[in-house]
Amino acid sequence: MDKKKIAVPLVCHGHSRPVVDLFYSPVTLDGFFLISASKDSSPMLRNGETGDWIGTFEGHKGAVWSVCLDTNALRAASGSADFTAKVWNALTGDILHSFEHKHIVRACAFSEDTRLLLTGGIEKVLRIYDLNHPEAPLREVDKSPGSVRTVSWMHSDQTLLSSCTDMGGVRLWDVRSGKIVQTLETKSPVTSAEVSQDGRYITTADGATVKFWDAGHFGLVKSYNMPCTVESASLEPKYGNKFIAGGEDMWVRVFDFHTGDETGMFSNHATRVITVLYIVYVSHQEGNHMPQDPRMELSEYGRQAL
């Protein structure tokens, strides 16, 4: 019987607390970049090819739960337990904007055209900030039915996606009306929701299930049961023929997209895996026992954002 291939990771040291979110930029003229969020309150920017440290964004006073980069990797954004979302100059590390919230900010995302920033969190409110006019009144869409866990933009910034920490389902919002137009039903809360780079699929992880949805018509395309409760799943961005998932059993596993068969795994972690990003993943340490570092995996496509 063929043995599953186990990869050895490249470990990116630096964070002193658990890493809870990762974001890979598109390829730019200067290469591509990886940003990580941690409970140590200091997001870090790295070279996406080598994992080398570039800089640390200093200014938050609480755990950082979410990070992202704009399309050109010129600005970064972060959502924090200090009740703020901040926008940073990714070249200098300076704070460009700091948007006050009334509770913990769990998720943030730049629009595709980079003009807008979407945030969500414990307040159960989705907020849209105009970065070209940061002094202008913010826009709030209809109240979310639960505390917001993830947010994303779709359909050329015409649709918003969100999931909740305390209830199942993924909600799709029309940006113009601010209303929910569709709910993708799941039995358990969705812990990760990813729109594929080609815009065809929405990948979700809920309980011990990974699902793939048609991003145009919102129908369920595939649903696979996992070996354990999963925290995150990510579709291979170039060919879309495989996906990875990680969770409670401390392994990151590779699966065939078409059949759901397990085809490989990445090296065992000391703690449960909370975030995966093809082909970058990170494990999560509960408590304060030891530092936790992002890990980058080699694949047949190389360490690159495609």
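A residue counts as buried when its relative accessible area is under 20%, as exposed when it is over 50%, and as partly exposed in between, with a 1.4 Å probe and protein chains only. By that rule Phe257, at 2% relative accessibility, is buried.

The model is predicted: local features need pLDDT of at least 70, side-chain atom pairs count only at pLDDT 80 or more, and totals for chains, interfaces and linings use all residues. Residues are numbered from 1 along each chain as its sequence is written, and side-chain values use heavy atoms, without hydrogens and water.

**Colour by confidence.** pLDDT is the predictor's confidence in each residue, on a scale from 0 to 100. The protein has a mean pLDDT of 87, and 84% of its residues reach 70 or more. Select residues 297-306, where the pLDDT is below 50.

**Select Tyr24 and Phe32.** Rings of Phe, Tyr and Trp (its six-membered ring) pair if their centres lie within 6.5 Å; planes under 30 degrees apart count as stacked, over 60 as edge-to-face and the rest as tilted. The whole structure holds eight aromatic pairs. One of them joins Tyr24 and Phe32, edge-to-face, at 5.4 Å centre to centre and 70° between the planes. Tyr24 is buried at a relative accessible area of 11%, and Phe32 is buried at 10%.

**Select Tyr201 and Phe257.** The ring centres of Tyr201 and Phe257 are 5.3 Å apart and the planes meet at 55°, so this pair is tilted. Tyr201 belongs to strand β19 (residues 201-206) and Phe257 to the loop between β24 (252-256) and β25 (262-266), so the pair ties together parts 56 residues apart in sequence. Strands are DSSP runs (E, at least two residues), as are helices (H or I, at least four), numbered from the N terminus. Tyr201 is buried as well, with a relative accessible area of 13%.

**Select Lys222, then Arg106.** A charge sits over a ring if NZ of Lys or CZ of Arg is within 6 Å of the ring centre and within 35 degrees of the ring normal. The charged end of Lys222 is placed over the ring of Phe257, 5.6 Å from its centre. Arg106 lies over the face of Trp65, 4.3 Å from the ring centre.

**Finish at Val141.** This residue is in the loop between β14 (139-140) and β15 (148-154), and Val141 is buried at a relative accessible area of 7%.

Notes
Contact means heavy atoms within 4.5 Å.
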